[in-house]
Each structure stands twice: as C-alpha cells, then as structure tokens.
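Me: I'm new to this one and would like to learn how to read it. Could you walk me through it, feature by feature?

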Amino acid sequence: MNTDAILSFEEAMEKYDPVLGFEVHVELNTRTKMFSSAPNVFGDEPNTNVNEVDLGMPGVLPVVNKTAVESSIKIGLALNCKIAESCRFARKNYFYPDTPKNFQTSQYDEPIAYDGYLDVELSDGTVFRVEIERAHMEEDAGKLTHMGGATGRIHGADFSLVDYNRAGVPLVEIVTKPIEGAGSRAPELAKAYVAAIREIVKNLGVSDARMERGNVRCDANVSLRPHGRERFGIRSETKNVNSLRAVEHAVRYEIQRHAAVLEAGEPVIQETRHWHEDSRTTTSGRAKSDADDYRYFPEPDLVPVVPSREWVEELRATLPEPPAARRKRLQADWGYSDLEFRDVVNAGVMDEIEETIAAGASASVARKWWMGEIVGRAKAADVDPGQLGVQPATIVELARMVEDGKINNKMASQVLDGVLAGEGTPAEIVEKRGLAVVSDDGPLLEAIDAALAAQPGVADKIRGGKVQAVGAIVGGVMKATRGQADAGRVRELILEKLGVTV
Amino acid sequence: MTETNELIRLSAAALAEKLAAGEVTSVEATQAYLDRIAEVDGGERGINAFLHVNAEEALAVAAEVDAIRAAGGAEAEALHVLAGVPIAVKDLIVTIGQPTTAGSKILEGWHSPYDATVVERLRAAKMPILGKTNLDEFAMGSSTEHSAYGPTRNPWDLDRIPGGSGGGSAAAVAAFEAPLALGTDTGGSIRQPGAVTGTVGVKPTYGSVSRYGAIAMASSLDQIGPVSRTVLDSALLHQVIGGHDPRDSTSLPDPLADLVAAAKTGNVEGLRIGIIKELHGEGYQAGVENRFRDALELLKEAGAEIVEVSCPNFQYALGAYYLIMPSEASSNLAKFDGVRYGLRVLPEEGAMTIERVMGATRAAGFGDEVKRRIILGTYALSAGYYDAYYGSAQKVRTLVQRDFEAAFTVADVLISPTAPTTAFPLGEKLDDPLAMYLNDVATIPANLAGIPGLSLPGGLADEDGLPVGIQLLAPAKEDARLYRVGAVLESLLEAKWGGPLLQSAPDLAAAVAGPVETLVGSQEAK
C-alpha cells in the first residue's frame, strides 16, 4: 500500500507555489480509425474491429482519416490555436504489445494546431487563461488486461490479454504550456480545465467525451517551487486520471506529496504516477526522464497533411458558440440569478439541465431537481452527477406527476431513489410502492380532527389569528398519513375548519 | 530444341500473341514453366529461385483463361493482353493462398490474410502466379545470399551470385522458369540482379506503383517493379501494376503514361543522353566499361546526342543511403516480435516476460545482415545522433535530387553501367558488408531521388563472359522515356548479337544436373 508522506494542503500552499501542466487525450468519434478503414466502435467483442492495418501485418500502409483531420482542426480552432499550413506525422518507436507496429504514429514536432489558449472559469467566476502549446493527432494503442495478479497491473500478473479494437482509434492530444499562478486554486483549476476541454469537444461533436469510457483522458503534471523562485521544480506526471473529481483530487494529492518530499529535504523524482480512486492517492509508476529515446523520425509512409486556408476558414465558420458565450446565453434563457447559475456550473450539471429542459421540463424544475436532488446524491456516492445515469425524461415524468398532484415532492424524491436503484420507471415505482397523494378529504378530515384534538393550544392560537402556527397541525396530519397527504390541501382544510380566512 | 523449350523462351509479348491467336493455351504455357522449374530449380545445384511453387492455383487460373478464350464473345474480348501469361512474384510481396516469408525465418509459414495491390492487379489481369521467388532476407542484400532459405544461383554460372535482393526473380526469368516476375527495388534490388543475370528490370518512379502489400524495408525508397527478358515485356507488366492506389498514401494520383507505346516508338533521334561522370570509370570493371562504351556508340549512331553531366553529390549517396535505409528499416521491422504472427521463440531460461519473448524471437528469427541494419538504424535515429546521421543523410538526399534536376536540364535521359562489376562468386563478399554495399553505388541515387531507372543487358564482359547491365535514368514520372530508349538500345544490341543475349547462356538442364563442385550456402541458413 501507499506509504508516501503528505503535508496538509494549507501548509503546502504556505511554502510552495504549484506549477501545473496537462496532456489531455481526446478520442475522436470518427466512423473509422485514424489510419485504417476498420470501425471505431467502443465496447464490441475484443479484436473484432480490426483489419490488417490495425494488426500491423507485414506490408500494410496507413492512410490518414480525413474526418479525423477535420475534427482536429476544429479542436485547434476552438482552442484559439494556429492551424499548421503543412504538418507531418512521425513514428514514436518503442516495443510494447499494445502497439501492433511497435511504433506509434503520432505528430511530433509538427502539430496540426499550436499556440492557443483557453479561458477557464473558476467557481467564483474568476477567469483563468490556460495557454495551449499544441494539439496534435495520433493513434490510440490497444488495451491490455493483465490477468492473474492482485492489482490488475502488469506486476505480478500471470499473463496479459490484448484487445486491438482500440488500436488506431484517432486521438487528439492537447498539451498546455506550464500553468503558473494558480496558487491554492490549482486543484480547482485542474478540474475546471478538463471540464472545459470536455465541454468543447462535446459541443463540437468530435468526441463522445465520456470520461468513464476513456474518451477524454488526462495526464496531470505537477511541480512545486518555493514562493518567489522562477525556476520550476521537478514534476511528476499522474497518468490517466479519468474523472473530473479525480483530476482535482490527484492534483491536490500530488501537491501535498511533493511538499512533504521537499520538506524532508529530498528531491522529487521525475516519474509517472498511478492514480488510485479508492484511496485517493498516487503510487510510483515508471521513471520518466527527458532522455526517454523514442527515436522519432518523420513517418515515411504518409505525406504531409496540408489543410488549405479555405478549408480551415470553412471549418471556423461551422464552430459552435464558445462555452463562455453559451453559458451567458443559457443563463439568460433560463432566467437564473448569477449565483444560481454559478452553482449549476460548479456542480457540473449545466449540460444535464439543458437536456432536461429540452426534454420538456421548465428551467426552474430542472434546476430544482438537479441541484436539489441529484447533486447531493452524487456527492454521497462520490461520483460526478452525470455519472448517476439520471435520464432527463425521468425528471420530466417526476415533475409532471408532482404537478398533477399524483405524488408530492417527498414521494417524488423516493421515486427517484427507486429509479436509481433500478426498480423501474417512475410510474412503475409509484405503482409498486403504492405511493399516491391522499386527496380524498374524508380520511384527511379525520386526521385533522385528531391532530387538532391532540394540540388544542395550537388550534386556539390559529383561531386567534396566528395563521403561521398551522404548520404544527399540518405536520401532525402528514405524520399520521405517512406523508401521503397533499400538504397544501391539508392546510386549506384546517383553516376552513377553524373558520380562518387568509 | 524441344517444343517446350521454345515455349518457355518466348517473350511475354510473344506468348501473349500466341495465346490470343489460339496457337497455344495458357495451361500449356503454365505447365511448361512449372516443368522447367521442376527441372532446374531444385537439388544441390539447382537455381533455387523459388521459395514456393503455386502450381495448382496457377494452372487453375490458366484453365480459366483458356475457357474464356475458347468460349469467345465479349468476355474473351475483354481479356487483358497478358491474360494467361504466367508470372513469378518476389516473396517480399504478400499473397493470399501462398506463404510469404520475406526470405526470413521470422515469417516462416506465415500466410497473409490479404493480397498486395499489385497482386490484386495481376489477378484482375488473370495472370497465373507461378510462385514466390527468393530474396535476401527482407530485401537486405545484393547477392541473395542473405536469404534464410539458401542462396539463389546465377543461371550464367551456378557458382556465382544472381544479384540481390531480387536474385530469385531475376534468376527465374533468366533461367526461363518464368517469362515475367515482380521485384522490389530499394537501392537497386531489381536493376542490379537484372544486370548480372542478363535480364531487364525497372524501378518505376517512386509512387507510381502501389507499395501496399510489399513488406517494407525502407518506405521512402521501396518501389515494386517489373522483371523480364525484354524491354517491351517490362512495359507490359508495368502497365498492369502501375497507377494510383488509395491504400498507399505515397501513391501518385497521376494516370500512368502509355508505356507500351513508348517501348514501340523505335527511335531516339535528337534525344539528349547524358553520361554521368561519377558513375563509370574508376572502380568499374574494364569489361563493364567496354560494354557501356559500346552502348553509347550504338545510341550515337541511332541519332542520339551524347552529353556528359556531373553529379558531384553522388559521392555521398551511398553513405546517405546506408543511414536512411537502415533507419527506416529498424522501425519497419519492429513489428516482427512474435506477438501477433510469425515465429515465436520462448527464452530458454529465466522469466517469461514479453520483452524476453520478443528478444528471443528476434534473436532467432533475424539473420546477421538484418540485425546489422537494425542496429545501424537504431543508432542513427537515437537522440543526440539523429541530426548528425539521419538529418545529414536527408540533406544529402536533397543534394542528390538537385544534381539530378541539374543533369536533366541538359539531358533527357541519363545513362550508366547498372553495377560496377559482373556477378561475383558466391561467398566472396559475404563477410565484407562494405564491399557488398558498393554493388549498389550506381543504382542508389535513383532511389534517393525517387526517379525511375531501367537496367537492360549490355552484353558480356570480355574478361569473364558474364552479363553487363546498362542503366537508363529519367526524371520522375517520365518512365516512358526509359522504355523508349531502352527498347531502341535493346534492338540495336540484339541486331549486333544476332538475337537476345540470353541465347548465349549455358545449357542449364545439364549444368544443374552436374557434379557439386563447391557447397556455398547462406551463412545464416546454416
């Protein structure tokens, strides 16, 4: 198990200044692979979406996927990058069984997009500009599954299985310049940056952008330096941090770990780190030095990619509105206050609310459900709200049931639990659990009489004009009916009975 | 001569005519070649041009063509001019239904699940594929001695090399085991074997023939091309295999010129033919130089203007080639690791890790020359050495291209001997890689520049009576010029000799059946 010492975050921040850097890999959702005509589909039987090119058979040659180039240009443009007039692929040579050719075809010193930036909004509305060094095209590797070991890692495994379905899936790798000046907001910025990238590629329609499927994968570089020093410290690179929360936690953890190492007067080791979601810690991966020699050279089997300026401008014209503009528009459309909208953004449910509204809910209902019900559940379950799997249609159905008076809010919340537990649709759960608002006045009147009799003093107060005291009686009735009564109707009936008009 | 003997000695064009006229069937022709292979290819002193003979399929294709012809009508009319003409394919080119070894143990028994584009085109033309021909392992060599399956012998002298890497294809054609063959040329592997076996070989313009399915040695230099006994035959075959292929990104979009028409033009009047100062004279065998002079004389008589050009950067071409080629090869050959196909060797002791299995497989599966080039290329691409080696070599490449550009401003076609010497004895240069590499000194510049080159027989050297090759070079995409000049020179030479050069080759059937004088084998096979 992990035994690394850590300093408290606050103490780390007192002494050190963090510098971040991110490499985000985005899997493109093209129909076919980067260099072959095999389908680019997630989740199929292993080694079925492959042809001779993906398997690196003798004699095969790559052909660049034009749609992947188009998607890469769109990403570059959305990140305010320059688009290369001509750029080449290179071969990154290393032996590993997930790479069928034993080299990865990747852009190296000639990325298709370079010198951009992305304005990232933090939770309090602060805008932080992240400089983008480059966005380049490459191919994904196959997927290795190490069998027989306790950890699922290659160490201790008896054998490994390889699935080449992912080999050759088009990737765009987005690399930032070193990010300085985030200070104690570094973990938050990390999360916000990756969220912004995910939002962009999703809006562009170039990626499914599902982090849990590895469509967006983040390698987070962290280094610390004493306050006031210009030179960067030695960095660690935490690989494959695959949820927004994990990005935040991983950066925070690495800051604390580096600080402890530096406090102990030891050097930070330049290495990759593995992220462990369960313990929220990292462990040492492999030593990584700048001298790693991949023997890059220009890929001789491909000709340079030369996007014409006309094409680039055509693509620029098709770009969807930038996220900041979109947020402004959505806030206006939905009529949320600044605070309400910021909470929505920070909770990471803006897309979900948009979908819920599109499915037929009002803006206020959508917010109430996502912010009032779902975000809390996600927090309790330690996942991102979107990962709970709540369908917009479910919310619309629940809201309609409440509106129609079939169930009340409390019941609706129970029904949502049922949906999340996989018990069925809201209608089925209402039926199964026998949930229905008691709106027949008969049983209610009986319960009201009993409640008034139980609290004669309260009844007198109400009669005396203290209408707000009615809550105590309503509460008694609701308790007696196990929450199945329509609280509004109960209130009306009590006041009517006591002869109070409001 | 027997009837069979006459049949196998026909040029591909002549055979095609007889097939079309119904004078002979494709099955008869195919069977005649298969008989010839059985007669001269096997045994201790056999040619060993073929690594695999594809008799059944070849005969089936031949029978199909014969049936179509017999039935007549539109389908018969639509048959390709070479339909029914058999062909041999270098075993670097993948084929469904036959093994493809690349001359290496590491691919022993491997069957490709797909056809190379050129093979698809042969099949579309309904040319029976006789089998797969021997080569230096992964096309690395100039003598075919680096084949893991033993060397191929030169039909002119069984104790001499047939050139390389395509010694199998050249020897098969020279020994009348096939009328046509496919080769690949990275630094001269079609042209130099052509020169030393008295056959014709063409390296087309880079990108004019698809490389899809040719097992890559050096991607930026490799090119598939025709091997034949006449210039016209090469043009006919080039026309079948050439043209754009969307599966090869380096494939040129340009439509193929009419190469067959060019080979039938019949004159070189007014054409400027440039002698490359750096590619003859010192370092070239006297007999080679003499035949080269003869060729120039004939061309001059035919009305060509002979000019001299200088390509000063050619002195660096061999060095640059031996950095670029191994660099690309070291990467191209990385895929042979025992994981997905081919040989897998487990380490004899110690941990069974993937690295060690890959290591053991590559140690056992690759021969010495392949390992030498992988090591060389890996070194040249290494951080800190890249600029000095690979980077500098690429600059030389540019300079060689500029030399050619300058030369082609004063000459329409360039001319040189194809190889500095005639065929050397088996084993002579096996332990001296540098001497072996020098064989390609005249052919390499064309690969570096991507321009087309053709080698045709120029006669026999005075001192050893062995074939000499004449090389013609043209600007990129001007392959037609090679066929035009080549065909004229060929007819002038044949008029002088009183027939094709190969008619003066020794009687093979007797030779291969003769006593074993020396046993020279591939060192790596032993």
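**Reading a two-chain model**

Reply: Let's start with chain A, whose secondary structure comes to 16 helices and 14 strands; helices (H or I, at least four residues) and strands (E, at least two) are DSSP runs, numbered from the N terminus. Chain B has 19 helices and 11 strands. Keep in mind that this is a predicted model, where local features need pLDDT of at least 70, side-chain atom pairs count only at pLDDT 80 or more, and totals for chains, interfaces and linings use all residues. Residues are numbered from 1 along each chain as its sequence is written, while chains are lettered from A and ligands numbered from 1 in the order in which they are written.

Me: What box do the C-alpha atoms of each chain fill?

Reply: Taken along the principal axes, the box for chain A is roughly 90 × 55 × 50 Å. For chain B, it's roughly 65 × 50 × 50 Å. Chain B has 526 residues, so a compact globule would come out near 24 Å, and its 22 Å agrees with that.

Me: Which domains is chain A divided into?

Reply: Domain bounds come from an automatic or database domain assignment. Here they give domain 1 (9–314), domain 2 (321–433) and domain 3 (441–497) of chain A. The centres of domain 1 and domain 3 of chain A, taken over C-alpha atoms, are separated by 62 Å.

Me: How do I read burial, and what share of each chain is buried?

Reply: Count neighbours: a residue is buried if 20 or more other C-beta atoms lie within 10 Å of its own, exposed if 12 or fewer, and partly exposed in between, with C-beta atoms placed from the backbone. Of the 502 residues in chain A, 43% are buried. In chain B, 61% of the 526 residues count as buried. B:Asp254 sits in the loop between α9 (231–241) and α10 (259–263) of chain B. Its C-alpha atom is 7.0 Å from that of B:His244, 10 residues apart along the chain.

Me: Which residues touch the most other members of the largest nonpolar core?

Reply: A nonpolar core is a set of buried Ala, Val, Leu, Ile, Met, Phe, Trp, Tyr and Cys residues joined through C-beta atoms within 7 Å. The largest one here has 249 residues, and A:Ile75, A:Val247, B:Ile87, B:Ile93 and B:Ala181 touch the most other members. Its largest share, 11 residues, comes from helix α3 (residues 186–204) of chain A. A second, separate core has 45 residues, including A:Ala361 and A:Val430.

Me: And how many residues does each chain bring to the contact between them?

Reply: Two residues are in contact if their C-beta atoms, placed from the backbone, lie within 7 Å. Chain A brings 26 residues and chain B brings 35. On the chain A side, they divide into 16 nonpolar, 4 polar and 6 charged. In that count, Ala, Val, Leu, Ile, Met, Phe, Trp, Tyr, Cys and Pro are nonpolar, Asp, Glu, Lys and Arg are charged, and the others, Gly among them, are polar.

Me: Which residues lie on each face of β4(B)?

Reply: In a regular strand the side chains alternate between the two faces of the sheet. On β4(B), B:Leu180, B:Leu182 and B:Thr184 are on one side and B:Ala181 and B:Gly183 on the other, and all are buried. Strand β4 (residues 180–184) of chain B has 5 of its 5 residues buried, so it is largely enclosed by the rest of the structure.

Me: Which strands pair with β4(B)?

Reply: Two strands pair if DSSP finds at least two bridges between them. Strand β2 (residues 87–90) of chain B runs parallel to β4(B), joined by 2 bridges, and B:Val89 stands opposite B:Leu182. Strand β6 (residues 224–228) of chain B runs antiparallel to β4(B), with 5 bridges; there, B:Thr184 stands opposite B:Ile224.

Me: Where can I see a hairpin?

Reply: Look at β5(A) and β6(A), which form one with 5 residues between them. They pair in the antiparallel sense over 8 bridges, and A:Tyr114 stands opposite A:Arg134. In the turn, A:Gly125 has a positive phi of about 95 degrees.

Conventions: The radius of gyration is taken over C-alpha atoms; the globule rule is 2.2 Å times the number of residues to the power 0.38.
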